[in-house]
Structures are given as structure tokens and as C-alpha cells.
Amino acid sequence: QVQVVESGGGLVQAGGSLRLSCVVSGFAFSVATVDWYRQGPGKQRDMVATITAGGTTNYADSVQGRFTISRDNAKNTGYLQMNSLKPEDTAVYYCRVTRYNNYWGQGTQVTVSS
């Protein structure tokens, strides 16, 4: 059974930083693509960042230069380092892992106060 568990969300002031983690079990993590998505209040779920099994990364324009996605295959864990946070980054952040099928975590709330 595949499990995807995010953690690391919380309340932070604008300009602050958070690091989200995504621990995956029951899945061939090292050959999977890892994505971070977010869904703000009243908004659709949008992709924030992605990292392939080979380490290629891609970012949404809105977070480019502020967020960094990474992975540690030995720990079956993906990360999203978020710096220079803005109130508009407030959202529930979701991790998705993909290899043939998609598996989603339950999400972690990030709230950025102005």
C-alpha cells in the first residue's frame, strides 16, 4: 500500500521560510517523479515544482527563485524549501508521486501572514 505523508507546514510571517517534507512508503520512490502542488482558498490546485527521477527540476513562474525542490532517495523523501514567502503563497500544499500511477498525500497547510 502506497502512503504519501506531507509535513512541515505552519504559520509564518511574510519573508520567512518553511521546508516541507514528503515521506513515501510502499513505492519505488527512486524512479518516481515528485511534484508539489498547492491549492489556495477558492482556487484550483496548481503545480508548484517538480523533480524527476533523474533530478531535473521545474518551477511555476510564481515561485521561481524562491522555492527549491529536492529529493533524498535513501530516505524516500521529497522536500520543498520555501523562502521569501508571501501572503499569496498561503495554501494547502500537496505532494504527488508518479510512476505509471499518481499517488497524493493529504496536504499540509501553509499560512503566510502579512
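A: At 26% relative accessibility, Tyr103 is partly exposed, whereas Phe27 is buried at 17% (buried is under 20% relative accessible area, exposed over 50%, partly exposed in between; 1.4 Å probe, protein chains only). The model is predicted: local features need pLDDT of at least 70, side-chain atom pairs count only at pLDDT 80 or more, and totals for chains, interfaces and linings use all residues. Residues are numbered from 1 along each chain as its sequence is written, and side-chain values use heavy atoms, with hydrogens and water left out.

Q: How is a pair of aromatic rings described?

A: By the distance of the centres and the angle of the planes. Rings of Phe, Tyr and Trp (its six-membered ring) pair if their centres lie within 6.5 Å; planes under 30 degrees apart are stacked, over 60 edge-to-face, the rest tilted. The count here is three aromatic pairs. Phe27 and Tyr103 have ring centres 5.1 Å apart and planes at 65°, so this pair is edge-to-face. Phe27 and Tyr103 are 76 residues apart, linking distant parts of the chain.

Q: Which residues do ring pairs link into a cluster?

A: Tyr37, Tyr94 and Trp104. Arg45 lies over the face of Tyr94, 3.6 Å from the ring centre (the rule: NZ of Lys or CZ of Arg within 6 Å of the centre and within 35 degrees of the ring normal). Arg45 also lies over the face of Trp104, at 4.8 Å.

Q: How many residues has the largest nonpolar core?

A: A core joins buried Ala, Val, Leu, Ile, Met, Phe, Trp, Tyr and Cys through side-chain atoms within 4.5 Å. The largest has 28 residues. Val48 is among those with the most contacts inside it.

Methods: Helix = DSSP H or I, 4+ residues; strand = E, 2+ residues; numbered from the N terminus.
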